[in-house]
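Here is a short tour for anyone who likes to read a fold through its side chains. Keep the viewer open and follow along.

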Amino acid sequence: MRSTTRAAGPALLACLFLSGCSSVPLAVPDASSSGAVAPAASASGAGGGARSIAVGAGPQKHYTVQQQPAAGSCHYRYEKGEPLEDPTCTPGAISPAVTQTSVKSTICRKGGYTSGVRPSAYVTGKEKRLNAASYGYTGSMSDAEYDHLISLQLGGDPNDYRNLWVEPADPGHKKGAGVNNKKDPVETKLHTAVCAGKITLAQAQQAIVTDWTTALTTLGLS
């Protein structure tokens, strides 16, 4: 007791005797109890500039309509005319079921991984309308894609609101012509590269959430 009292110092003694403090040092908060979503590993070999990506709930037997950001709170960005997501509203989220060690049995397996984990149109249709309000999108819904920022074929979470956004059509798109964007081919090339072992899953995911328009160039795949 003597050593504890001496180490505590006069400030702590005053606290103990005058105000009845209940404990000595303040505990450092445990990240596991903070309620924060566990982050994904950063891209392998990245020079410290890669940001963490949240981990979603993963594939579900029964999906429910997810709450979306408040109406008008999200804002599109544009890169050479191409629409990009608002990183605050749509930072991306990955599925815990897809890891570097499981790609062969999930996204790279023959037979179709994505069709088995994709939410129903009943769920995504409602989410799409809500998310359009989040982004203030007023164009034709048939011309916009309710897009997984990190696509399912790259291990994106199927129904986490952080990984879904209403993606407008590309510049010059004819109104009423349906969904047509340049992001889909980028996702396919990244998927092919991951399954061929040319890049890691984390590198592909990181490139997409950073800027899909530069993803192929950044990874030397263009």
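## What covers helix H3?

What covers the buried residues of H3? The cover includes strand S5 (145-148) and S6. Please keep in mind throughout that this is a predicted model.

The buried residues of H3 are Val 123, Thr 124, Glu 127, Lys 128, Asn 131, Ala 132, Ser 134 and Tyr 135. They lie on the same side of the helix, because the arc they cover around the axis is only 160°. An α-helix has 3.6 residues a turn, so residues three or four places apart point the same way. On the face of H3 turned away from this buried side you will find the exposed residues Tyr 122 and Arg 129.

At 1.5 Å a residue, its 15 residues should span 21 Å, and the end C-alpha atoms are 20 Å apart, which agrees. After H3 comes Gly 136, with a positive phi near 70°.

## An aromatic cluster

The structure holds four aromatic pairs. Take Tyr 76 and Tyr 135: their ring centres are 4.6 Å apart and their planes meet at 25°, so this pair is stacked. It links distant parts of the chain, since Tyr 76 sits in the loop between strand S1 (54-55) and strand S2 (77-79), while Tyr 135 belongs to helix H3 (residues 121-135), 59 residues apart. Both Tyr 76 and Tyr 135 are buried.

Tyr 76 has another partner in Trp 165. Here the ring centres are 6.2 Å apart and the planes are at 55°, so the pair is tilted. Because Tyr 76 lies in the loop between S1 and S2 and Trp 165 in strand S6 (residues 164-167), this pair ties together parts that are 89 residues apart in sequence. How buried are the two partners? Tyr 76 counts as buried at 18% relative accessibility, under the 20% cut-off, and Trp 165 is buried with a relative accessible area of 0%. Together, Tyr 76, Tyr 78, Tyr 135 and Trp 165 form one aromatic cluster.

## Strands S5 and S6

S5 and S6 pair in the antiparallel sense over four bridges, and His 148 stands opposite Leu 164 in S6. Is S5 covered on one face or on both? Both faces are covered: Glu 145 and Asp 147 on one side are buried, and so are Tyr 146 and His 148 on the other.

## A buried glycine in the loop

Between S5 and S6 the loop holds Gly 156. Gly 156 is buried, with a relative accessible area of 0%. Which residues is Gly 156 in contact with, leaving aside its neighbours within four places in sequence? They are Ala 93, Ile 94, Ser 95, Ile 150, Ser 151 and Asn 163. Gly 156 and Gly 92 are 64 residues apart in sequence, and their C-alpha atoms are 7.6 Å apart in space.

## Where to read with care

The mean pLDDT of the chain is 81, and 75% of its residues reach 70 or more. Over residues 1-48, however, pLDDT stays under 50. For that stretch the model has 32 contacts beyond four places in sequence. Where pLDDT is low, the predicted coordinates should not be read in detail.

Notes
Residues are numbered from 1 along each chain as its sequence is written. This is a predicted model: local features need pLDDT of at least 70, side-chain atom pairs count only at pLDDT 80 or more; totals for chains, interfaces and linings use all residues. Side-chain values use heavy atoms; hydrogens and water are left out. Rings of Phe, Tyr and Trp (its six-membered ring) pair if their centres lie within 6.5 Å; planes under 30 degrees apart count as stacked, over 60 as edge-to-face and the rest as tilted. Helices (H or I, at least four residues) and strands (E, at least two) are DSSP runs, numbered from the N terminus. Buried means under 20% relative accessible area, exposed over 50%, partly exposed in between (1.4 Å probe, protein chains only). The expected span of a helix is 1.5 Å times one less than its number of residues. The arc is that of the directions from the helix axis to the C-beta atoms. Contact means heavy atoms within 4.5 Å. pLDDT is the predictor's confidence in each residue, from 0 to 100. Two strands pair if DSSP finds at least two bridges between them.
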